[in-house]
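The entries follow in the order in which I looked them up.

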Amino acid sequence: MAGILIYSDKEQYARELLSGARLLAAAAEIPITCVVINNAGMAESLSQSGAEVQHIENGQIVAADTAAIASALKQAVQKLEQSIILLSSDRRGKELAGRLAQALDAGCLTDVTGITCTNGAMQCSRNSLGGAAIAAQIITTPVKVIAVAPRTFEAVLEKEQGRVNKLEVDIKATLKVIETKPKAEDGIDIEAADVIVAVGQGLSGPEALPEIEALADAVGGVVACSKPVATDRKWLSEDRVIGLSGKKCKPSLAILLGISGQVQFTVGIRDARTIIAVNQDENAYAFHMCDYGWVGDLHEFAREFQALLKE
Ligand SMILES: Cc1cc2nc3c(=O)[nH]c(=O)nc-3n(C[C@H](O)[C@H](O)[C@H](O)COP(=O)(O)OP(=O)(O)OC[C@H]3O[C@@H](n4cnc5c(N)ncnc54)[C@H](O)[C@@H]3O)c2cc1C
């Protein structure tokens, strides 16, 4: 294996990939290179965490142009003779993974939730059958493109100093950005949250949300939800959805209120360190995957739990 190249436009994800790459590199003794595009601050910051950074500065590359980014990464992979490319499996990272793998004639896996390396052979874990099972998969091509789900690895800060090198690439922009507008979102990043209070359709209605926000504030967390709460009922934004078609979260504590615990939801929260489930149905699936369960009304729980915290 010639080397591991990592890339994400988000510094947090790049740091997580760096940690994962270090685990693999330790097993297979291969060098790691971190590519940063048009972001000198991020390049410097990653190098201060011990990363060997290749910084590409090129006015032809805009963040929305995944074709141009794939072309830049392809050139980086070939110039630096890399064989494993780790990307973040967020929306843009997944698109990039497909484009880059096609350009490199490489095998590709996205939504990877774990990587192990034994005797030089890499094996990736991915959810399958809607999250009901975990598949172990191996890419057999010499060059491998792997998009890793956020928070699969914990971002570790190394004290040693790395280096920032300049890398030249030749890009012909395929996309002209005329205008950029911030996405209409509420600014809450549930994937980054350490504590999550998630509500499901058991919530009486949107008028009860302030009570849930108050509980989330009391435990130092953020409010998230099951899919129907956002997509069908429109009580919260779709950025707050946990699950197969939402976000994969790995908080220290998750409090699930009025959520039945269907696999498409639980796949997004089952890696939480501690899970408390509250449901009035004692047979709810959520009780099969929680550490602590409360059978009863979620509104009553929200009030009593807050009162307990104040004692
Ligand atoms: C392809 C596909 C992808 C999907 N992706 C996702 C996804 O990413 N995320 C996701 O969440 N879902 C997803 N779903 C939908 C998923 O299958 C479930 O339908 C959904 O998770 C159910 O949401 P819920 O638990 O909020 O609602 P329900 O299943 O209706 O459960 C509500 C629960 O609240 C309890 N309850 C009611 N009142 C109270 C009360 N007062 N106090 C306490 N408990 C109460 C009930 O007993 C019940 O268990 C997907 C489905 C498909 C087919």
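For the residue classes I counted Ala, Val, Leu, Ile, Met, Phe, Trp, Tyr, Cys and Pro as nonpolar, Asp, Glu, Lys and Arg as charged, and the others, Gly among them, as polar. I noted that this is a predicted model, in which local features need pLDDT of at least 70, side-chain atom pairs count only at pLDDT 80 or more, and totals for chains, interfaces and linings use all residues. Residues are numbered from 1 along each chain as its sequence is written.

I found 27 residues around the ligand, and the closest are G200, G202, S226, K227 and G243. The elements that give two or more residues to this shell are α6 (227–231), α7 (263–266) and β13 (274–279). Helices (H or I, at least four residues) and strands (E, at least two) are DSSP runs, numbered from the N terminus. The most comes from α6, with three residues. By class, I recorded ten nonpolar, 14 polar and three charged residues in the shell.

Entry on the five-stranded sheet. I looked up the strand order and read β11-β10-β12-β13-β14, an open sheet with parallel pairing. Two strands pair if DSSP finds at least two bridges between them. Because β11 (222–225) and β14 (292–295) stand at the edges with a single partner strand each, one side of each is left without a neighbour in the sheet. Strand β12 (residues 253–257) is joined to β13 by five bridges, and L257 has V278 in β13 as its bridge partner. I also noted that α8 packs on the sheet, touching β12, β13 and β14.

Entry on the helix pair. I checked helix α5 (residues 209–218) against helix α8 (residues 298–310): their axes come within 10 Å and cross at roughly 35°. Axes are lines fitted to C-alpha atoms, for helices over the stretch in contact, and angles run from 0 to 180 degrees between N-to-C directions. E211, I212, A214, L215 and A218 in α5 meet H299, A302, F305, Q306 and L309 in α8, where contact requires C-beta atoms, placed from the backbone, within 7 Å. This contact has seven nonpolar, two polar and one charged residues.

Entry on β5. I found strand β5 (residues 107–118) joined to strand β8 (residues 144–148) by four bridges, running parallel, and to strand β6 (residues 121–128) by six, running antiparallel. C108 stands opposite V145 in β8, and V112 opposite R126 in β6.

How values were computed: Two residues are in contact if their C-beta atoms, placed from the backbone, lie within 7 Å. A residue is near a molecule or strand if its C-beta atom, placed from the backbone, lies within 6 Å of it.
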